[in-house]
Amino acid sequence: MNDIKVLWVDDEIDLLKPHILFLENRNYKVTTAQSGTEALGEIQKEVFDIVFLDENMPGLTGLETLAEIKERQASLPVVMITKSEEEYIMEEAIGSKIADYLIKPVNPNQILLSLKKNLDHSRLISQKTTSNYQQEFRKISMDLSTINSASEWADLYQKLTYWELELENIEDNSMVEILESQKLEANTQFCKFIEKNYESWFHRNDDAPVMSHTLFKDRIAPLLDAKPTLLVVIDNLRYDQWKAFEPMLSNVYKKVNEELFYSILPTATQYARNAIFSGLMPSEMEKLFPDFWLNDTDEGGKNLYEEDFLRAQLKRLGKQIDWSYHKISSIKQGRRLVDGFKAHKNENLTVVVYNFVDMLSHAKTEMEVIKELASNDKSYRSLTQSWFKNSPLMEVIQQAAHLGFRLVITTDHGTINVKHPSKVIGDKNTSLNLRYKTGRSLSYEEKEVLSFKDPKSILLPTINMSSSFIFAKGEMFFAYPNNYNHYVSYFRNTYQHGGVSLEEMVIPFAILNPK
């Protein structure tokens, strides 16, 4: 360990000689000062790693010295030591951003613990986290070979996400690489599970998890007879992104329940979000609401009738309630909702659909901007945190808490960072999405896709008699042979959705109550 330089300030410093020797025997270099003025002089002469500061000194008090130190070196950690347990002294010291607070008499081990906590914190946490993940790695690997239900896959994905967030800031990159390979293996096995079981979820309902088309009936409708509910559906929100910004809500909301549910295939807005609001699968929407449903190759917006779908579902469920629906696709619309939100305080249900990716960037440049700012999952999470913290949505949620609203946060589907192209050939009427295709006479690499020759078997519409659906697995994305290299370099390492992966299909649903 390199010598760590400690400045210890106390007007009775001679009485602390045993403590100082204790630290020096452990390679800490201790400089002493007997007054605040002397301490400020030492700080001018030398760079210290940490300061131990007595609160009760003649001349400049500890609190006055602390203020002077922070003015000169705001980031220098200061540990306040005091005989007094008076609350106002503690509050003033904490308000001045002290690193720690110790009550006299202190013993050498307390001092050592404070040093380690403040100066060796990241290394100790890194070592502990690495050790814990190494133990968990074998258990996760064993689980991967035995998992055989949707709920077990949701549990495993929660575990993987937990470790991804834990390992995010450690110094050992090799652990992050091991986790990445474990996630890849998990997605490979998950795709096999979906291939084997997905179709049966629509025919043997006992095996089916909560999915897009059953979410509202099973999880949201039962809440609507009590306190007012704010339902926020954030487009494209993965579970790890939800976990990244969840702590920002802790001042105003406490979590009651969190679970993962399954997006239907394709994991695309026009399918999954319409399914949430209608309570129906796409083929049922097409049949019952032909004026509201548009197929991939039809002209026009594909999510223009969410409010109409929800109105029909509420009627079907016998929910005669006051409600409103708001779709936010721009900062201006967001600000308008913030300014007028109090008008909704007496509603049973206020629905806000927030087009998260559109909020990050303008629609036409969305792909390039995301690619530039979020080249990996860690930076994508960071971008989500920054967006959420500064968004009108955060202000709406704060207002909702003060008005006594229950908060429900969910999404329509997640996204995945695509890395590997998969060649596909189709006619001019083939859909354009990079993670799924529907059309006639599709030609593709069988091992890289999940295919359904009969879309009706998974309750998807058939554009024509011989249409099929194919879904990209894991980190694959579809590319046409013509202009292949340009296409691949443009879309590789971008965030896409529509296919089969844990990130796209296994998505968050959380219920929170105001504090």
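**Spaces and helix contacts**

Mentor: The second largest pocket is lined by 23 residues, and those nearest its centre are Glu164, Glu180, Lys183, Asp377 and Lys378. This is a predicted model, where local features need pLDDT of at least 70 and side-chain atom pairs count only at pLDDT 80 or more, while totals for chains, interfaces and linings use all residues. Residues are numbered from 1 along each chain as its sequence is written, and side-chain values use heavy atoms, with hydrogens and water left out.

Trainee: What is a pocket, and what is a cavity?

Mentor: Rolling a probe the size of a water molecule over the atoms shows where empty space is left. On a 1 Å grid over the protein atoms alone, a cavity is a set of points where a 1.4 Å probe fits but cannot get out; a pocket is an open set with protein on both sides within 12 Å along at least five of seven lines, and lining residues have an atom within 4 Å of a point. Grid points are joined across faces, edges and corners, and a volume is the space filled by probe spheres set on the points. The volume of the second largest pocket is about 370 Å³.

Trainee: Which elements give two or more residues to the lining of the second largest pocket?

Mentor: They are helix H8 (173–197), helix H17 (377–389) and strand S11 (416–417). Helices (H or I, at least four residues) and strands (E, at least two) are DSSP runs, numbered from the N terminus. H8 gives the largest share of this lining, 7 residues.

Trainee: How does the lining of the second largest pocket divide by class?

Mentor: Ala, Val, Leu, Ile, Met, Phe, Trp, Tyr, Cys and Pro count as nonpolar, Asp, Glu, Lys and Arg as charged, and the others, Gly among them, as polar. This lining has 11 charged, 6 polar and 6 nonpolar residues.

Trainee: How many cavities of 30 Å³ or more does a search of the whole structure find?

Mentor: The search finds 1. The largest cavity holds about 80 Å³ of space. Its lining includes Tyr157, Glu164, Lys183, Arg238, Asp377 and Glu503. Helix H7 (150–166), H8 and helix H20 (502–505) each supply at least two lining residues, and the largest share, 4 residues, comes from H7. By class, the lining of the largest cavity has 6 charged, 3 nonpolar and 2 polar residues.

Trainee: At what angle do the axes of H7 and H8 cross?

Mentor: Two packed helices are described by the angle between their axes and the distance between the axes. Axes are lines fitted to C-alpha atoms, for helices over the stretch in contact, and angles run from 0 to 180 degrees between N-to-C directions. The axes of H7 and H8 cross at roughly 165° and come within 11 Å. H7 is therefore roughly antiparallel to H8; angles under 35 degrees count as roughly parallel, over 145 as roughly antiparallel, 65 to 115 as roughly perpendicular and the rest as oblique.

Trainee: Which residues of H7 and H8 meet?

Mentor: Contact means heavy atoms within 4.5 Å. Among those that meet are Trp153, Leu160 and Glu164 in H7, and Glu180, Lys183 and Phe190 in H8. The contact of H7 with H8 has 9 nonpolar, 2 polar and 3 charged residues.

Trainee: Please give a second pair.

Mentor: Helix H1 (residues 17–24) and helix H5 (residues 108–119) have axes that come within 10 Å and cross at roughly 45°. H1 is therefore oblique to H5. His19, Phe22 and Leu23 of H1 make the contact with Pro108, Asn109, Ile111, Leu112 and Leu115 of H5. This contact of H1 with H5 has 6 nonpolar, 2 polar and no charged residues.
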